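Dear colleague,

My notes on what was found follow below it.

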Amino acid sequence: ADYNLCDWPIRKPWSRNDYPELFEWLDGHKITIASLQEAAGKEICLFGTSGYAEERVFPMRKWAYLLVTAANNDFGENRIETAIEKSYCLIKLGEHQYQQPTTIDKLIGMAIEYLGLRQFNRFVVEENPTEEQLKFIEAASQEVEFNWPTDLPIMLESEKKAIKDMLSSFYEIHRNGKIRLDRDPY
């Protein structure tokens, strides 16, 4: 079907009547959404050091869009508090990405946080939030913090380590103890 991207469920509130197939699909992901909300409740999140951060980029992106779509459905069906919780969940998941050492993780954190803040902005401008909701949104928005002066050295060290790890796969230690170019790095 042809959809106007401005009307896509990731951009605005929608109801089950607007997109019944999407609602059915979303309903099948309740456990994933609940798991994401549970994870967002944790203060500290450190991923393992094995593997590459890029391996987390696509799942994190998909989970963020899942949450935005679910929040927009909640907004569209007047489940405002639930929608606010899911939007706040995006901000917390973005903060979790900031706790990782790599540049890509931090950039993904910024993008995920932006999705949550965009939800709040749209709600405040286009809807009629209560005073309590406005206070919560203001407090949640003030939690957003990325500190370049402290994070940049950590990011640079992480990137240096990743490059060293990658390059070291092309070398080997010969049986007499000398380092040489690996004859078969693959």
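This is a predicted model: local features need pLDDT of at least 70, side-chain atom pairs count only at pLDDT 80 or more; totals for chains, interfaces and linings use all residues.

Residues are numbered from 1 along each chain as its sequence is written, and side-chain values use heavy atoms, with hydrogens and water left out.

Gln99 is located in the loop between H4 and H5, where helices (H or I, at least four residues) and strands (E, at least two) are DSSP runs numbered from the N terminus. If neighbours within four places in sequence are set aside, Gln99 is in contact (heavy atoms within 4.5 Å) with Glu43, Ile44, Cys45 and Leu46. From Pro9, which is 90 residues away along the chain, Gln99 is separated by 30 Å between C-alpha atoms.

The helices

The crossing of H4 and H5 is left-handed, a term used if the near helix is turned anticlockwise from the far one by less than a right angle, with right-handed used if clockwise.

Helix H2 (residues 30–40) and helix H4 (residues 80–98) have axes that come within 8 Å and cross at roughly 55°, and H2 is therefore oblique to H4. This crossing of H2 and H4 is also described as left-handed. On the H2 side the residues that meet H4 are Ile33, Leu36, Gln37, Ala39 and Ala40, and their partners in H4 are Glu85, Lys86, Cys89, Lys92, Leu93 and His96. Ala39 in H2 is partly exposed, with a relative accessible area of 29%, and its C-alpha atom is separated by 14 Å from that of Ser87, 48 residues apart along the chain.

For H5 and helix H6 (residues 131–143), the packing angle is about 150° and the axes are 11 Å apart, so that H5 is roughly antiparallel to H6. The crossing of H5 and H6 is left-handed. Leu117, Phe120, Phe123 and Val124 in H5 meet H6 through residues including Gln133, Leu134 and Phe136.

The aromatic pairs

Rings of Phe, Tyr and Trp (its six-membered ring) pair if their centres lie within 6.5 Å, and planes under 30 degrees apart count as stacked, over 60 as edge-to-face and the rest as tilted. By this rule the count comes to 3 aromatic pairs. One of them joins Trp14 and Tyr19, which are edge-to-face at 5.8 Å centre to centre with 80° between the planes. Trp14 counts as buried because its relative accessibility is 1%, and Tyr19 counts as buried at 14%.

Phe75 and Phe123 form a stacked pair, at 5.2 Å centre to centre and 25° between the planes. Because Phe75 lies in helix H3 (residues 54–76) and Phe123 in helix H5 (residues 103–126), this pair ties together parts that are 48 residues apart in sequence. Phe75 is buried at a relative accessible area of 7%, and Phe123 is buried at 3%. Not counting residues up to four places away in sequence, Phe123 touches Phe75, Ile80, Ile84, Pro129, Gln133 and Ile137.

Arg122 lies over the face of Phe75, at 4.8 Å from the ring centre; a charge sits over a ring if NZ of Lys or CZ of Arg is within 6 Å of the ring centre and within 35 degrees of the ring normal.

A loop residue

Lastly, Asn78 in the loop between H3 and H4 has a phi near 65°, a positive value in a residue other than glycine. Asn78 counts as exposed, at 62% relative accessibility.

Notes: Buried means under 20% relative accessible area, exposed over 50%, partly exposed in between (1.4 Å probe, protein chains only). Axes are lines fitted to C-alpha atoms, for helices over the stretch in contact, and angles run from 0 to 180 degrees between N-to-C directions. Angles under 35 degrees count as roughly parallel, over 145 as roughly antiparallel, 65 to 115 as roughly perpendicular and the rest as oblique.
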